[in-house]
Amino acid sequence: VPFNFFQEFQVKTGGYSVEFGRTTGGVLNTVTKSGTNEFKAGAQLVYEPDWLQSEQQDNPGRISRFDEFDRAALNLWASGAIIKDKLFFFGMYEARKYDPRNSDDGYENFFDGRSNPGFWGAKVDWQITSDHVISAMGFSDKAKLTTDEYGIEPGGDLNGARLYQNTTFNESGGDNWNLTYTGYLTDSFTMKAMYGENNRSSDIHSLTDDTCSLVQDRREGSSFLGCTSNTAVIAREDDRQQYRLDFEWQLGDHLLRFGYDHE
């Protein structure tokens with residue numbers, strides 16, 4: 001999630017309130033940005049070129065382990081009021097480009113990757129009345145890295161002949177959302193109800209998974225003897241669902257907080 005998606009961070013290391021459960025050490029609590037009556041917008045470009053990265057030389061003209069990348073991210077966001085004093089929005093899109101290139105430790109295989117994921121996030125706040133507010137937030141962090149694998153001729157270099165071996169696909173991320181109601185029921189009694197879902201997938205596969213067995217010699221180094229250097233085939237999807245009720249009751253000089261939380 002881009003840094004610009006957040007309004008503030010809260011680091012709680014002990015003695016924190018009852019609503020931060022399921023932890024014995026500490027809590028990193030984040031608050032996402034929201035819209036106001038004032039329209040705001042912004043843009044940010046971050047670029048990391050490979051030509052500004054240093055190289056470690058081993059033998060003359062040969063890099064001990066080649067590892068470089070180009071990375072860029074263009075972040076665009078806007079916020080404001082759809083209906084003044086009633087309905088507010090915040091929206092963000094970040095275009096990303098990541099091109100990693102590296103060799104293995106034995107300088108026998110070369111990997112050329114490319115990834116163009118896009119992040120989107122949005123939040124809508126509806127001030128029904130001064131005492132009742134509904135907020136909806138969602139974002140998607142899906143990503144896919146495609147890597148072509150080549151064999152390097154013995155004694156060769158990255159500019160020499162390469163033998164194409166395989167293409168690997170690495171997919172991750174998912175869609176996430178929640179809906180929150182906040183009610184100021186009296187001057188001293190507040191209720192908050194939330195339901196949310198978090199989805200994260202992990203999928204690693206290659207073009208040769210069905211036709212090629214992975215054979216690896218670990219006696220000296222980790223050279224691949226088979227026709228693939230893809231070390232894993234993974235297909236997993238994790239779904240997290242949570243709902244909770246939080247209450248706050250001001251009793252004179254005393255504040256009582258209680259609720260219910262299910263995940």
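Reader: Is Asp-99 buried or exposed?

Author: Burial is judged from relative accessible area, with values under 20% counted as buried. Asp-99 has a relative accessible area of 12%, so this residue is buried. The model is a predicted one, and the value is computed from its atoms.

Reader: With which side chain does Asp-99 meet in a salt bridge?

Author: A salt bridge is read from the distance between a side-chain nitrogen of Lys or Arg and a carboxyl oxygen of Asp or Glu, which must be within 4 Å. Here the partner of Asp-99 is Lys-97, at 2.2 Å from N to O. Lys-97 is partly exposed, with a relative accessible area of 42%.

Reader: How many salt bridges does the structure hold?

Author: The structure holds 14. One of them joins Glu-48 and Arg-71, with the closest N and O atoms 3.0 Å apart. Glu-48 belongs to strand E3 (residues 40-48) and Arg-71 to strand E4 (residues 67-83), so this pair ties together parts that are 23 residues apart in sequence. Glu-48 is partly exposed at 32% relative accessible area, and Arg-71 is partly exposed at 36%.

Reader: What does the salt bridge of Asp-175 with Lys-142 tie together?

Author: The closest N and O atoms of Asp-175 and Lys-142 are 3.6 Å apart. Asp-175 lies in strand E11 (residues 175-184), whereas Lys-142 lies in the loop between strand E8 (132-140) and strand E9 (143-152), so the pair ties together parts that are 33 residues apart in sequence. Asp-175 is partly exposed at 36% relative accessibility, as is Lys-142 at 46%.

Reader: Which residues are linked in a network of salt bridges?

Author: The network links Asp-50, Glu-68, Asp-70 and Arg-101. Two of these names return when the strands are examined: Asp-70 stands opposite Asp-99 in E5, and Arg-101 has Asp-112 in E6 as its bridge partner.

Reader: How is the pairing of E5 (residues 87-103) with E4 to be read?

Author: One reads the direction of the two strands and the number of bridges between them. E4 and E5 pair in the antiparallel sense over 16 bridges. They form a hairpin with three residues between them, and Asp-85 in the turn has a positive phi of about 65 degrees.

Reader: Where does Gly-252 take a positive phi?

Author: Gly-252 does so, near 60 degrees, in the hairpin of E15 and E16, which has two residues between the strands. Nine bridges join E15 (residues 234-251) to E16 (residues 254-262), and the two run antiparallel. Gln-250 stands opposite Leu-255 in E16.

Reader: What joins the side chains of Thr-168 and Glu-149?

Author: A polar contact of 2.6 Å joins them. Thr-168 is found in strand E10 (residues 162-173) and counts as buried at 10% relative accessibility.

Reader: Which residues form a nonpolar patch on the surface?

Author: Phe-3, Phe-9, Val-11 and Leu-28 do so, with about 470 Å² of accessible area together. Val-11 lies in strand E1 (residues 6-12). At 65% relative accessibility, Val-11 counts as exposed, since the cut-off is over 50%.

Note on methods: Residues numbered from 1 in each chain as written. Predicted model: local features only at pLDDT ≥ 70, side-chain atom pairs only at ≥ 80, totals over all residues. Heavy atoms only, no water. Patch = residues over 30% accessible without salt bridge, like charges linked within 9 Å, V, L, I, M, F, W, Y side chains within 5 Å. Areas by Shrake-Rupley, 256 points an atom, 1.4 Å probe, with all protein chains shown as cover. Helix = DSSP H or I, 4+ residues; strand = E, 2+ residues; numbered from the N terminus. Buried < 20%, exposed > 50% of the residue type's maximum accessible area, 1.4 Å probe, protein only. Pairing = 2+ DSSP bridges. Polar contact = N/O pair within 3.5 Å; in protein donor to acceptor, adjacent residues only side chain to side chain.
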